[in-house]
Amino acid sequence: MTAAVFYLLGASAIASALLCITRKNPVSSALWLVSTMFALAGIYVLLHAQFIAVFQVLVYAGAVMVLFLFVIMLLNLGREASDVRGKPAWALAAAVMVILGAQFFAVWHYTPAQMASEQHSGAAVADPLAFFPNNALAAEAARPDDAFGALSASLFQNYLVPFEITSVLLLVAAIGAVVLAKRRI
Amino acid sequence: MQTIDLATAGGATLALLPEVVLTGAALVVLLVLSWRHTTAEDSRLAGYLSLGGVGLSAVALAYLWTADLQPLGLAHMIAVDTFRYAAVAIILIATAATILLSLQYVERERLLAPEYYCLILLAATGMMYLAGATDLIVSFLGLEVMSVAVYVLVGFNRGSVFSAEAALKYFLIGAFASAFLLYGIALIYGATGTTNIMEIGARLGQGNIPVLGALGLGLLLIGFGFKVAAVPFHMWAPDVYDGAPTPITGFMATGVKAAGVIALTRILFDGFSHSIDLWQPVVAALAIASMVLGNLVALSQRSLKRMLAYSSIAHAGYLLTAIWTGSSLGAGATLLYILAYVLTTLATFGILAALGRGGERDVTLDTIAGLGARRPWLAFALSACMLSLLGFPGTLGFIGKWTILMAIVNQAHAALGIILVLTSLVSAGYYLPVIMSMYMKPASATSPEGKMSGAGIAVIVVTVGLLLVFGFWPGPVLGIATNSARVLSGAVPSVNALVR
């Protein structure tokens, strides 16, 4: 199972990386880079490095890529190729939406207690010993309540309200940048 | 009575219902305008949707106010009390009026990007967070959401050099002020180990405040001084008020100032109530400088927009006087005065937007000459506003100034009160010529028509009506203001030991 997931993610990472450097349109190239980042994040999860995985998504796939995309859009590069229109693209968008919706409902019913029990039974993730020959490192990676747990408790319980306001702040800054800097609004 | 646990996601959402609803409305507007983006029709649609969002948020606020919620333990991140509800109500009034006044204005000035309304809504949520925060982190984030949105709104007229100049000035000064504020918060955290305002108050305790905390408090006061445009941190205000689109000038003069003053009140009263001897002289100095300088410089202004900018500096001084008292009476006076000032200023800028063209930089006393004969109702409304700003009996402005004076007298400290009265007398020197020009001077050929849309007329009728009704019959608002402010009892008792 784990091996299958690993090969799936690996293939997706390589394919996305290839597409990233072969696309003509800079926007789609950047979006394929996002896809590569996500696949890498998945591989980090398999390695029990959830902390790195989350920051891979937050920082690389999130912040850095949004910055890339904004610069590309503001500079109006790559007008000639627009490959996100047309019937196939809509069908693809609908399929992705259905998958994401299904995931949302799965997560909705997925309680922390369930996650903890799965972690202890070792059903969901790979055996760290397979990846870390050194026993001490493996034990560290398999510890259920690591720095990540402490961080997420802080971020999503004590500081939930400031965390959400920060996202609104970023949204305001993004809208403002577009309104003031785009040539044609 | 119902207790809610603000540390849980559900409790926090319930407590933040008006803010959450308004943010949701802003997102809906953003979504709609992504494919309805070009014509005047689309802009108007965004305006109506935003107005609907403000209405829903007001409903959420009314629910919270009547539900009588109590936080479990210390209010975590956001206050759940009537002082916050009253502040949010004032901010929602300012937002709704700004949107209504903008409907005609953006079409006339060709500012047709509907993001305008989205930014107004997001700025309003920032103000609400700032006014209701019980944690300095939330204060700072609310301040930034509000400021970033307003920087953009000030520069929204991209064809105008003055608008761009104003936006850049406001942005640079605002970033500067934010840095002061943030450093102040960091030092206060260093001194107390917490950013929760109530806990800061508890930990600073009765004894001497540590040097670190005192430094932090000073930087905090500088940061807020910039935001509410108090002398000597006022240099940006005239140019920025002058260059911004007029409804946005009104929004800045009312919403931004109200949120800043209310946040400052809460921080000083709840967080630093034991250090009152430390901040009272500073606040008094800021208040006196603002009242004197604002009123004197306003005397020499020709442009009405610049005159109102200096008058708003003077009003920041009056508000700081109310904060100076440190009593819950003073907090009530602050709320009431903000209400009076917000209503009056919104109506004034609404009328100003109707009288001018191209940013209203050129509306002077000569432009409005003879308005009394041609547009008697408009002239009457502007006269009522000027008298209310002056604090003339029969208007809400008078009730506001009177409650501030009562709060000062209650502290047995006459000097500030005398300065307040004297500077108010000086302000007659620039408010009354507006009325004289409208009624006693002949109209010139270039006089503006002063056409107003139905929405604009509605705003002015309602605000001026409220000014006069509450001016003659202040009981209800006075009661709400004093009751709302009673929760800030961390401040000194009504008669404190100032006279030693």
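## Chain A: overall fold

Along its sequence, chain A runs through the pattern α-α-α-α-α-α-α-α-α. That makes 9 helices and 0 strands in the secondary structure of chain A. The model described here is predicted.

Chain A has 185 residues, and 22% of them count as buried. Contacts in chain A can also be sorted by the distance in sequence that they span. Of those between residues at least 6 apart in sequence, 62% join residues at least 24 apart.

## Where chain A meets chain B

Contact between the two chains involves 22 residues of chain A and 28 residues of chain B. The area buried between chain A and chain B is about 2100 Å². Carbon and sulfur atoms give 84% of that area. On the side of chain A, the residues that lose the most area to chain B are V161(A), I165(A) and V172(A). Together these three residues make up 26% of what that side buries.

Which elements of chain A give two or more residues to the side that touches chain B? They are α8 (147-158) and α9 (160-181) of chain A. The largest share comes from α9(A), with 15 residues. By residue class, the side of chain A that touches chain B divides into 15 nonpolar, 4 polar and 3 charged residues.

How many salt bridges cross the interface of chain A and chain B? The count there is 0. Polar contacts between chain A and chain B come to 3 residue pairs, with both residues of a pair at pLDDT 80 or more.

## Salt bridges

Over all chains, the whole structure holds 12 salt bridges. One of them joins E41(B) to R44(B), with the closest N and O atoms 3.6 Å apart. Both residues belong to helix α3 (residues 40-67) of chain B, and because they are 3 residues apart in that helix, about one helical turn separates them. E41(B) is partly exposed, at a relative accessible area of 49%. R44(B) is also partly exposed, at 28%.

R44(B) takes part in another salt bridge, with E107(B), at 2.8 Å from N to O. Here the partners sit in separate helices: R44(B) lies in helix α3 of chain B and E107(B) in helix α4 (residues 82-108) of chain B, so this pair ties together parts that are 63 residues apart in sequence. E107(B) is partly exposed, with a relative accessibility of 26%. R44(B) therefore has a partner within helix α3 of chain B, E41(B), and a partner in helix α4 of chain B, E107(B).

E199(B) counts as partly exposed at 25%, and R203(B) counts as partly exposed at 47%.

Salt bridges also form a network in chain B. Its members are E165(B), K169(B), D239(B), D242(B) and R306(B).

## A buried leucine in chain B

L488(B) lies in the segment after α20 (475-485) of chain B. Is this residue buried or exposed? L488(B) has a relative accessible area of 1%, so it is buried.

Which residues does L488(B) touch, leaving aside those up to four places away in sequence? They are F83(B), T265(B), R266(B), F269(B), D270(B), S328(B) and A331(B). Y318(B) is 170 residues from L488(B) along the chain, and the C-alpha atoms of the two are separated by 20 Å.

## Cysteines

A disulfide is a covalent bond between the sulfur atoms of two cysteines. In this model the count of disulfides over all chains comes to 0.

C20(A) has a relative accessibility of 14% and counts as buried, because buried means under 20%. C118(B) counts as buried too, at 1% relative accessibility.

Definitions and conventions: Residues are numbered from 1 along each chain as its sequence is written. Chains are lettered from A and ligands numbered from 1 in the order in which they are written. This is a predicted model: local features need pLDDT of at least 70, side-chain atom pairs count only at pLDDT 80 or more; totals for chains, interfaces and linings use all residues. Side-chain values use heavy atoms; hydrogens and water are left out. A disulfide is a pair of cysteine sulfur atoms within 2.5 Å. Buried means under 20% relative accessible area, exposed over 50%, partly exposed in between (1.4 Å probe, protein chains only). Contact means heavy atoms within 4.5 Å. Buried area is the accessible area (1.4 Å probe) that two parts lose on being put together, summed over both. A salt bridge is a side-chain nitrogen of Lys or Arg within 4 Å of a carboxyl oxygen of Asp or Glu. A polar contact is a pair of N or O atoms within 3.5 Å; within protein, one must be able to donate a hydrogen and the other to accept it, and residues adjacent in sequence count only if both atoms are side-chain atoms. Helices (H or I, at least four residues) and strands (E, at least two) are DSSP runs, numbered from the N terminus. Ala, Val, Leu, Ile, Met, Phe, Trp, Tyr, Cys and Pro count as nonpolar, Asp, Glu, Lys and Arg as charged, and the others, Gly among them, as polar.
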